[in-house]
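User: Can you walk me through this one? I'd like to go over the cavities, the strands and a helix.

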Amino acid sequence: MRIVTWNLWWRFGPWEERQKAVLAVLRELRPDVVGLQEVWECGGQNLAGWLADELGMHWAWAASDASDRWQRRIGDPTVEVGNAVLSRWPVVAQEVLRLPAPEELYDGRLALYTRLATPTHEVPFFTTHLTSAIHASGVRREQVTALAEFVAAHRGDTDFPPVVTGDFNAWPDSDEIRLFGGYKTTPVVPGQVFLDAWEYADPAAPWATWDPANPYVGPHSPAVRIDYIHVAPPGPAGLGHVRSVHRAGDTPTGGVWPSDHTAVVADLALPSADRDTD
């Protein structure tokens, strides 16, 4: 099962050209499931819906309840922002968690849960987008606490481990990432841990998902990894084990960078019945 997570930078920059570049990258990757953040909806059109139609995938979407804070940044009150999931398989359930934040930082960050019906297993799949303020580690700790409890409530009776993707806006050694993982410190939910898929990456591989080599990031930012695919420990016979992981969307496509973030791509172990079914 090929998993992708990607923050698509909403309607910032040359968004019409960028969305074509995003589509080109996803076409080449041929993912089974994609977690998307900063997805736009406007005038009955939705970026995730357009991508799903072009790629022949199912999709689910959840809008922020504070899009006005985003809209002021581009001067357009008609554009919504939210998270989305694209899936090769039907989405049979979904639910939204509004992430906690103090009023001065609240801009409608959320987590979207979907349940995906593969031929042999249902997959609990989540995508999220945490508060971005660099000083807000304490807020993100509260958010990952709520997220871990949300996952525990929805992981259900399936052998496939929960997969949690998203832009966590946090360094790998931060308190919030350690807390969510639950294997370098006490987990939020007793017994529930999540492995950072990047632990399986080639140590020599490019790793920054927020990279000053990208002109949308700017030259004064440090190179950091803030986008994640987290997977619970594998199920029977290694089901859901991380086989490989790498970046994507990390160069211009058609003359334009697709987003200010790079994508993260992970291949998880899946039964042959699921791999071979279109």
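User: What volume does the second largest cavity have?
Analyst: The second largest cavity has a volume of about 50 Å³. A cavity here is a set of points on a 1 Å grid over the protein atoms alone, where a 1.4 Å probe fits but cannot get out. Grid points are joined across faces, edges and corners, and the volume is the space filled by probe spheres set on the points. This is a predicted model: local features need pLDDT of at least 70, side-chain atom pairs count only at pLDDT 80 or more, and totals for chains, interfaces and linings use all residues. Residues are numbered from 1 along each chain as its sequence is written, and side-chain values use heavy atoms, with hydrogens and water left out.

User: Which residues line the second largest cavity?
Analyst: Leu8, Trp10, Trp15, Arg18, Gln19, Val22, Trp40 and Leu47 line it. Lining residues have an atom within 4 Å of a point.

User: Which element gives the most to that lining?
Analyst: Helix 1 (residues 15-29) does, with 4 residues. Helices (H or I, at least four residues) and strands (E, at least two) are DSSP runs, numbered from the N terminus.

User: How does that lining split by class?
Analyst: It has 6 nonpolar, 1 polar and 1 charged residues. Ala, Val, Leu, Ile, Met, Phe, Trp, Tyr, Cys and Pro count as nonpolar, Asp, Glu, Lys and Arg as charged, and the others, Gly among them, as polar.

User: And how many cavities of 30 Å³ or more are there?
Analyst: The structure holds 3.

User: New topic. Is Trp9 buried or exposed?
Analyst: Trp9 counts as buried, because its relative accessibility is 15%. Buried means under 20% relative accessible area, exposed over 50%, and partly exposed in between (1.4 Å probe, protein chains only). Trp9 sits in the loop between strand 1 (2-7) and helix 1. Its phi is near 60°, a positive value in a residue other than glycine.

User: What about Asn169, buried or exposed?
Analyst: Asn169 is buried, with a relative accessible area of 13%. It lies in the loop between strand 9 and helix 5. Its phi is positive, about 50°, although Asn169 is not a glycine.

User: Why is strand 2 called largely enclosed?
Analyst: Because 9 of its 10 residues (33-42) are buried. Asn7 stands opposite Gln37 in strand 2.

User: Which strands form the open sheet?
Analyst: There are 6 strands, in the order 6-7-8-9-11-10, with mixed pairing. Strand 6 and strand 10 (195-196) are the edges, each pairing on one side only. Two strands pair if DSSP finds at least two bridges between them. Strand 10 and strand 11 (residues 227-231) run antiparallel, joined by 2 bridges. Asp196 has His230 in strand 11 as its bridge partner.

User: Last one. What span should helix 4 have?
Analyst: Its 18 residues (137-154) should span 26 Å, and the end C-alpha atoms are 25 Å apart, which agrees. The expected span is 1.5 Å times one less than the number of residues. Among the buried residues of helix 4 are Val139, Leu147 and Phe150. Just after helix 4, Gly156 takes a positive phi of about 70°.

Technical notes:
1 Å grid on protein atoms, 1.4 Å probe; cavity = no way out; pocket = protein on both sides within 12 Å on 5 of 7 lines; lining within 4 Å.
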